[in-house]
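Dear colleague,

I am handing over the structure below for your files. My notes on it follow directly after.

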Amino acid sequence: MSYHPDDPEFTDANPDLVLFTLICPECGVANPDGSLNCLVCDKDLTQTVLFLEDDSFDLELTKDALIEYRKNFWGTERTGKVLVYPLSDISNIEYGSPITRFKFDYKNERQVIPLRKENMEILKEILPQIIDPN
Ligand SMILES: [Zn+2]
């Protein structure tokens with residue numbers, strides 16, 4: 001299952017949300033609607049369920065993993081550091097509120113990721129539909 005702004009059902013329910021506009025999560029280039037692979041880096045775009053731009057990282061969700069592309073202090077450029085959390089290794093997910101911190105256990109460590117409120121709301125809606133509840 002993937003979410004796309006062209007999906008009429010989704011657009012009606014959330015007219016202001018744009019989840020994945022075919023901006024390549026890997027290199028940031030905008031691709032034409034319906035592209036299967038990124039024009040620039042050839043990443044398989046069909047695997048991306050969700051792509052969120054946040055202040056200090058970009059976050060990609062695929063069916064198998066949560067991927068964090070770290071950005072510099074000003075949020076203007078990526079540092080090249082990429083953290084991949086396979087969904088099968090994530091547990092004890094918590095969506096912090098009112099301070100929006102996305103928390104989960106990964107390899108016996110508590111991970112705390114600060115998210116913009118709007119990104120948190122999207123993640124909270126989409127992630128449970130992807131992740132194995134066990
Ligand atoms: Zn790309």
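**Notes on the structure**

Gln47 lies in the loop between helix H1 and strand E1; helices (H or I, at least four residues) and strands (E, at least two) are DSSP runs, numbered from the N terminus. Please note that this is a predicted model, in which local features need pLDDT of at least 70, side-chain atom pairs count only at pLDDT 80 or more, and totals for chains, interfaces and linings use all residues. Residues are numbered from 1 along each chain as its sequence is written.

Gln47 is partly exposed, because 14 other C-beta atoms lie within 10 Å. On this scale a residue is buried if 20 or more other C-beta atoms lie within 10 Å of its own, exposed if 12 or fewer, and partly exposed in between, with C-beta atoms placed from the backbone. Leaving aside residues up to four places away in sequence, Gln47 touches Thr62 and Lys63; two residues are in contact if their C-beta atoms, placed from the backbone, lie within 7 Å. Gln47 and Lys63 are 16 residues apart along the chain, and their C-alpha atoms are separated by 6.9 Å.

As to the chain in general, it has two helices and seven strands. Read from the N terminus, the order of elements is α-β-β-β-β-β-β-β-α. Of its 134 residues, 21% count as buried. When contacts between residues at least 6 apart in sequence are considered, 25% of them join residues at least 24 apart.

Strand E1 covers residues 48–53, and five of its six residues are buried, so the strand is largely enclosed by the rest of the structure. E1 pairs with strand E2 (residues 57–62) in the antiparallel sense, over five bridges; two strands pair if DSSP finds at least two bridges between them.

E5 and E6 run antiparallel and are joined by four bridges; Ile90 is found opposite Tyr106 in E6.

Some backbone details also deserve mention. Most residues other than glycine have a negative phi, and most peptide bonds are trans. Asp42, in the loop between helix H1 (8–13) and E1, has a positive phi near 70° and is not a glycine. Asp42 counts as exposed, because it has 11 C-beta neighbours inside 10 Å. Asn92 is likewise not a glycine and has a positive phi of about 55°, but its place is in strand E5. With 10 C-beta neighbours inside 10 Å, Asn92 also counts as exposed. Finally, the peptide bond from Ser97 to Pro98 is cis, with omega near 0°. Pro98 belongs to the loop between strand E5 (90–95) and strand E6 (101–106).
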